[in-house]
Amino acid sequence: MATANKIYSLGPRIYRFAASVSGVTALLIILWGCTANNFNAGAITWKTYSNSRYGFEFPYPSNWTSLAAPENDDGIAFISPQNNTVEIRGWASQQLPNSIVTEQEPVKKLKPNFQTAQGISGVLLVEVNQQIGSMTLTLTQGQVKYYWQGRSKSQDFQDYYRLFYYIAQQYRIPKS
């Protein structure tokens, strides 16, 4: 009877293992489809956006259209000519010194997980929910936070992942 009990108790474990392996396999297939290795940046004609207020810059496809820039000149957004729900944005903002911020909830700090071609470390966050997929790069230098983001509908995100990743790599900020 002990043997039967062991076999019975292994059943759910084997099922859980198989389910977790299939989940990992599905995740690996998704990530494999999103790798930046096969992206051919040379096949695209590029322009460079340069921000006069904060000094950051990034490339964007030359046929993308810019949206109206905010009056404070903190950034810009571009939309794809093929799909106006696909956009890339770059912006920056001054952080308040810690001595001024008194009643703010603690900010969850993420460790750097990405390095730009310029050699600057930052946080690259990829989020995909039922509606939107986004890739957001955050770099901090002194009291300035620099951001870059690519967004699309979630079902289109895998088609733009390589483009977004390439642009995030090329994002440049002023040398400190």
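Contact is taken here to mean heavy atoms within 4.5 Å. By this criterion, and leaving aside neighbours within four places in sequence, Tyr 171 is in contact with Phe 56, Glu 57, Phe 58, Trp 91, Thr 116, Gln 118, Leu 137, Leu 139, Tyr 146, Tyr 147 and Trp 148. The structure is a predicted model, for which local features need pLDDT of at least 70 and side-chain atom pairs count only at pLDDT 80 or more, whereas totals for chains, interfaces and linings use all residues. Residues are numbered from 1 along each chain as its sequence is written, and side-chain values use heavy atoms, with hydrogens and water left out.

The confidence of the prediction is expressed as pLDDT (the predictor's confidence in each residue, from 0 to 100). The protein chain averages a pLDDT of 80, and 71% of the residues score at least 70. Confidence is lowest in helix α1 (residues 2-33), with a mean of 42, and highest in strand β2 (residues 57-61), at 97. Over residues 1-37 pLDDT stays under 50, and for this stretch the model has nine contacts beyond four places in sequence.

The secondary structure of the protein chain comprises two helices and nine strands, where helices (H or I, at least four residues) and strands (E, at least two) are DSSP runs numbered from the N terminus. Along the sequence these elements follow the pattern α-β-β-β-β-β-β-β-β-β-α. Among contacts between residues at least 6 apart in sequence, 50% join residues at least 24 apart.

Strand pairing was assigned where DSSP finds at least two bridges between two strands. Strand β1 (residues 46-50) is joined to β2 by five bridges, the two strands running antiparallel, and the bridge partner of Trp 46 in β2 is Pro 61. These two strands form a hairpin with six residues between them, and Gly 55 in the turn has a positive phi of about 80°. Seven strands form an open sheet with antiparallel pairing, in the order β3-β4-β5-β9-β8-β7-β6. The edge strands of this sheet are β3 (65-66) and β6 (114-115), each of which pairs on one side only. Two bridges join β3 to the antiparallel strand β4 (residues 75-79), with Thr 65 standing opposite Ile 79 in β4. In the loop between β3 and β4 is Asp 73, which has a positive phi of about 55° although it is not a glycine. Most residues other than glycine have a negative phi.

Helix α2 (residues 157-170) lies across β5 (87-94), β6, β7 (121-128), β8 (132-141) and β9 (144-153), and runs at about 160° to β9; axes are lines fitted to C-alpha atoms, for helices over the stretch in contact, and angles run from 0 to 180 degrees between N-to-C directions.

Buried residues make up 32% of the 176 residues in the protein chain. The structure holds one salt bridge, defined as a side-chain nitrogen of Lys or Arg within 4 Å of a carboxyl oxygen of Asp or Glu. This salt bridge is formed by Arg 89 with Glu 87, the closest N and O atoms being 2.6 Å apart. Arg 89 is partly exposed, with a relative accessible area of 30%, whereas Glu 87 is buried, at 13%.

Two further residues were examined for their surroundings. Thr 85, found in the loop between β4 and β5, is partly exposed, with a relative accessible area of 30%. Thr 85 and Lys 153 are 68 residues apart in sequence and 6.7 Å apart in space, C-alpha to C-alpha. Not counting residues up to four places away in sequence, Thr 85 touches Arg 151, Ser 152 and Lys 153. Glu 127, which lies in strand β7, is partly exposed, with a relative accessible area of 43%, and touches Ile 132, Gly 133 and Ser 134 when residues up to four places away in sequence are not counted.

Technical notes
Buried means under 20% relative accessible area, exposed over 50%, partly exposed in between (1.4 Å probe, protein chains only).
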